[in-house]
Amino acid sequence: MQRLIDNTSDVLPTVKKILGRDCPHYQRILEAAVQEVPPVWLRSEYLDFFWHCATTIPNWLPTVLLACARTEGNGSHGLLKMWAGVRNHEKAEVGLLRHAKDESGHARLFIKLASLCFPRSYSPGTIEQSEQSIVPIERDSIAKSCDVIQLNMLIDYMMQLNIVEMRTLHHLKIMAPMYYELCPTENREKVRRILESLERDESRHIAYTAEIIDEWYEKENDDIGRLTDVFICRLVGYNQHTLDHCDDAKNDYGQGRYLSLFAH
Ligand SMILES: [Fe+2]
Ligand SMILES: [Fe+2]
């Protein structure tokens, strides 16, 4: 196993700070799952790979910002679709709707970051094109659907969101110092405020999903082993998804390095 640059221990204090309480059942599930399946994004080689891309691929950081905007925009519509299928779970409905709106706002914030951090790195019209490609969440699109999500499936989705948000926050922590340091001095204060607001939101996304998982166990008296198995299964999937996502970059730019990161 690769040496980890971090572990999930900073997740639990973040969750506690936001919720004002511990989530002991969520903690048991998380700790058992990451012990069994360490997230690949916490490997030291993953951080090395980001550094390698940032320092050797022309225009990589500006490109990543606009890619993030696309991902966040698409994610917001996925969350809205999920919200549309939830019934009889107020906390999940409130959380998902706010989450969808947050991610929609993040799409715009990443484009703003792009223009503030790298004002001379894009060809004319690129920023405007990105802005136009973002589909905002309109009031009309906020409507319930007939595809109802069963509650045990909802918990599975909450685990998936929890994992994705932990990875997103980790990515942000890797990238934020680079954006802050590389932006023109006169934009630094605005960039700092945007990065900090993104960090707050992503932390809140981890917290509300953790709380729903925790309360589910408490109220439904579900089997902790079964819940942990689901979390493990999803971690395996997201590890693979993360490696697949890196695969093109590795082939194009890895120059034969990072083989152990992508070996399994
Ligand atoms: Fe986001
Ligand atoms: Fe998020």
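## Helix packing in a predicted model

Helix 4 and helix 5 pass each other in a left-handed crossing. In this predicted model, the axes of helix 4, residues 60-85, and helix 5, residues 90-117, come within 8 Å and cross at roughly 165°. Because angles over 145 degrees count as roughly antiparallel, helix 4 is roughly antiparallel to helix 5. The residues that form this contact comprise 18 nonpolar, six polar and three charged ones.

A second pair is formed by helix 1, residues 11-19, and helix 8, residues 188-220, which pack at an angle of about 85° with their axes 9 Å apart; helix 1 and helix 8 are therefore roughly perpendicular to each other. On the side of helix 1, the residues involved are Val 11, Thr 14, Val 15, Ile 18 and Leu 19, and these meet Ser 203, Arg 204, Ile 206, Ala 207, Ala 210 and Glu 211 in helix 8. The residues of this contact divide into seven nonpolar, two polar and two charged.

| Helix pair | Angle between axes | Axes |
|---|---|---|
| Helix 4 and helix 5 | roughly 165° | within 8 Å |
| Helix 1 and helix 8 | about 85° | 9 Å apart |

As for confidence, the protein averages a pLDDT of 91, and 91% of the residues score at least 70. Over residues 1-5, however, pLDDT stays under 50, and for this stretch the model has 12 contacts beyond four places in sequence. Where pLDDT is low, the predicted coordinates should not be read in detail.

Key:
Residues are numbered from 1 along each chain as its sequence is written. Chains are lettered from A and ligands numbered from 1 in the order in which they are written. This is a predicted model: local features need pLDDT of at least 70, side-chain atom pairs count only at pLDDT 80 or more; totals for chains, interfaces and linings use all residues. Axes are lines fitted to C-alpha atoms, for helices over the stretch in contact, and angles run from 0 to 180 degrees between N-to-C directions. Helices (H or I, at least four residues) and strands (E, at least two) are DSSP runs, numbered from the N terminus. Angles under 35 degrees count as roughly parallel, over 145 as roughly antiparallel, 65 to 115 as roughly perpendicular and the rest as oblique. A crossing is left-handed if the near helix is turned anticlockwise from the far one by less than a right angle, and right-handed if clockwise. Ala, Val, Leu, Ile, Met, Phe, Trp, Tyr, Cys and Pro count as nonpolar, Asp, Glu, Lys and Arg as charged, and the others, Gly among them, as polar. pLDDT is the predictor's confidence in each residue, from 0 to 100. Two residues are in contact if their C-beta atoms, placed from the backbone, lie within 7 Å.
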